[in-house]
Amino acid sequence: MPLNSLVKAELVLAKQDIVSKKRVLESLAEITSNRLHCDNEAVYDALLGREKLGSTGIGNGIAIPHCRLESANHTAIVVMSLQTPIDFDSIDKQPVDLIFALIVPPNECDQHLSTLAQIAELAQSPDALSKLRAAKNNEDLYTSFESLI
């Protein structure tokens, strides 16, 4: 499934005032649990469990927290920019200010990998990242992200 068909405007959040990795994961769990009709704590635990395997901070100020979740009834992608970059234990040791979270049901493994690859490819483009970082509100971030995929 193409990335643009998975992104929903209500899950695109610009310039969030979040100050830690833990708070990012909590916020992602809260946001997606309603959309996926599943338990907030289950989403948080799944995201945290994945982070314990190794940071999803991939460099260039980008993090891609992701997990498979038994109780998810469909895939959810959250696109989030942060007001102030935070430590995310990234591979390049740089702070993160763009987050692309992905939560998928276990039966969508191929889609999960394909979507991660598409996001990682986008994260390699300095122009794309500049455009996303320049977005001042949710609508601008959504429009910018849509134009890049």
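Buried means under 20% relative accessible area and exposed over 50%, with partly exposed in between, using a 1.4 Å probe and protein chains only. Helices (H or I, at least four residues) and strands (E, at least two) are DSSP runs, numbered from the N terminus. The model is predicted, so local features need pLDDT of at least 70 and side-chain atom pairs count only at pLDDT 80 or more, while totals for chains, interfaces and linings use all residues. Residues are numbered from 1 along each chain as its sequence is written, and side-chain values use heavy atoms, with hydrogens and water left out.

Helix α3 has 14 residues, which at 1.5 Å a residue should span 20 Å; its end C-alpha atoms are 21 Å apart, which agrees. The expected span is 1.5 Å times one less than the number of residues. Buried in α3 are Val 43, Tyr 44, Ala 46, Leu 47 and Glu 51. Seen down the helix axis, these buried residues fall within an arc of 165 degrees, so they line one face of α3; the arc is that of the directions from the axis to the C-beta atoms. On the other side of α3, Glu 41, Lys 52 and Leu 53 are exposed. The cover over the buried residues of α3 includes α2, β4 and β6, where contact means heavy atoms within 4.5 Å. Just after α3, Gly 54 has a positive phi of about 155 degrees.

Strand β6 is largely enclosed by the rest of the structure, because nine of its nine residues are buried. Two strands pair if DSSP finds at least two bridges between them. β5 and β6 run antiparallel and are joined by seven bridges, with Leu 98 in β6 as the bridge partner of Ser 81. Strand β3 (residues 62-63) runs parallel to β6 and is joined to it by two bridges; here Ala 63 has Ile 99 as its partner. β4 (residues 66-68) also pairs with β6 in the parallel sense, over three bridges, and His 66 is partnered by Leu 102.
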